[in-house]
Amino acid sequence: MASIAQIFSVLSASAECTALSLSDLDRFIRFTRCLKPEIALGMQHSSAPPPFLPPHVASFLSNALDIHGAVVLKLWAFLRQYIWELGEPSIETTECLLFDEHGSRTTKNHQRLAYYMFYPPFTKCPDCKKILTHISRIPVTFFTKDGPFSAYSNSLRCRTESCETRYYPNYSVKIKAKVRRYYDEAVPSILHLEEHSFIQSACTLFAWVSSQNCALIYNHALSPYGQKHVNESKFMLTPTQVWRAFVLVSLLKDWRERGCILSVRDDGSLRAVVTDGVTLGHPCCKVHNCTEPLQNNHHHWCKTHMEQQHVCIITDCNRPTRSGHRMCNDTAYCKYEEYQNLKGKGFFLLRKRLQRVGVQQPSTSLGLDSVAEENLAELLDIDGDDPIDPAHKSDNGNRPSKSMFARRRTHNEQLVVCSCGIISARATMFGAEAISGVKDFLKSVYPNPNDLPNVIFYDNNCQLQAHLLAQNDEYFRGTMLPVDVFHFKLKHKQSDKFCQKHCNPLQWTELVGKDGEWVFNSSAAEQANVWIGGYQAIVREMLYYTYNFFLDEMIKHRNAVLVAKLSRTNQAPYHIPSYPHTM
């Protein structure tokens, strides 16, 4: 190991390096030593340091230490052997924040850095001795005795056909066989608890308390770092994580005592839900997207917009209504309102349909026309193809309604249904099943990205993905967003290249089982829609509070019955707790 005199003798040969403070030099040495496993990635032999730093490591050191890039390269050239032989350095909490601030600036996931970086214990495959490649790096939370920290977990893959193994910090996974095999070593000091969380094994020893209280003690008393990031729920230890850590440590200890290696199935434990809308609703305010409840069933406007009842109901008209009428004094509108108020308008409509097939029918059973039809047509100034007749649509398609005689109703109910059939969430769409509305609904159901299921089926996921891409919204970046199988085959055009590329469920091999069948029931929402749609006649005249209370209770009863059925058939249903959001 080099002496201080040798180090300063080497540095004094460079004019740029002589301007460094002792504090800067100390940080450079410690930070670079922390990144030794990152620097050694892909090296044939890690016993000697490489002549050059990886560009993303050099860039991080330059930004974090506020040192010119050229100086970083010279320091490494002078000190690399000394740094490579050093032991594990100590880093202060404030210095960890420098890693958090500057380590994630790059847009390339595999180049992001943190103080805590977890790697497989080797860079060569133990079986075939090939260099491991295809690094996968994901952000994780590391729960320590000093509090939670941001970190990154790395895995490497052996591409040899006979091997096909991916190596993680605590275990390896045989990809084809789907078997997870823990390494033949003592119980690791750092446990790979979940995909996005690690924990010090010492933190799993807890007092005579429940896992929930253990998590509360950690979050309130032992997590000063987490308290400064109270809005980042990923830093909150959950009771489920405490229990998983306890079980994992116990299993590893038991198998070590038996002189065996723990191997378990690695099926991915994917979770999938389906979201879809069902035409079901209640009377609501005529103002688009107004969510304020009506005061009674006869009102067309909520209390806030009640003054709108004195405005002409023609959508493009803002003039006041005539006294005792619902439209303004425009002549055409007066004729239209008069037609709508005719008691026998349904009779004339049916007679008009008979005329289209060449059947003449008198207007009364006595053959006496109280109002001649030609006079009615003249009065209303309409032609033979009555635009008001909804049963005789124009070849040009539907015409948008220009008036609002009837009450407005909410557009639809949006459901989130687990692939097992359990309805996990419901929301009322007041104006339309807009893509942005569905996105906001899903975010409200899963307020933490860590809570998101692995798969969300939606019949309009192609538009949702395009919307997320346009908005640069990465909230769902870790979730598969395919179109459900039924709608993809029948409702989506093969010429839609974006949809075919990004939403074809077949592109995700995880969704197809060994027998070629689909792993998940992507039609679960359609089946739930049929069930909940049966209540349409019951709820259609209910007001806001009664409507929501009734549907929520019916959904709870259905879920309870379905959970009991799943339990009886040994399907083992269970509830996945969400990440907490407050201390």
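Trp-76 counts as buried because its relative accessibility is 1%, where buried denotes under 20% relative accessible area, exposed over 50% and partly exposed the range in between, with a 1.4 Å probe and protein chains only. The model is predicted, so that local features need pLDDT of at least 70 and side-chain atom pairs count only at pLDDT 80 or more, whereas totals for chains, interfaces and linings use all residues. Residues are numbered from 1 along each chain as its sequence is written, and side-chain values use heavy atoms, with hydrogens and water left out.

Trp-76 lies in helix α6, residues 69-84; helices (H or I, at least four residues) and strands (E, at least two) are DSSP runs numbered from the N terminus. When residues up to four places away in sequence are not counted, Trp-76 touches, among others, Phe-28, Thr-32, Ile-39, Pro-49, Pro-50, Pro-51 and Phe-52, contact being defined as heavy atoms within 4.5 Å. Pro-50 is 26 residues from Trp-76 in sequence, and the C-alpha atoms of the two are 9.7 Å apart.

Ser-197, found in strand β8 (residues 197-200), likewise counts as buried, at 1% relative accessibility. The side chain of Ser-197 makes a polar contact of 3.0 Å with that of Glu-194; such a contact is a pair of N or O atoms within 3.5 Å, of which, within protein, one must be able to donate a hydrogen and the other to accept it, and residues adjacent in sequence count only if both atoms are side-chain atoms. Beyond its neighbours within four places in sequence, Ser-197 is in contact with Val-140, Thr-141, Phe-143, Leu-191, His-192 and Gln-241.

Strand β5 (residues 171-174) is joined to strand β6 (residues 179-182) by four bridges in an antiparallel arrangement, pairing of two strands requiring at least two bridges found by DSSP. Lys-174 has Val-179 of β6 as its bridge partner, and the two strands form a hairpin with four residues between them, in whose turn Lys-178 has a positive phi of about 55°. Strand β6 is also joined by three bridges to strand β9 (residues 263-265), again antiparallel, and Val-264 in β9 is the bridge partner of Arg-180.
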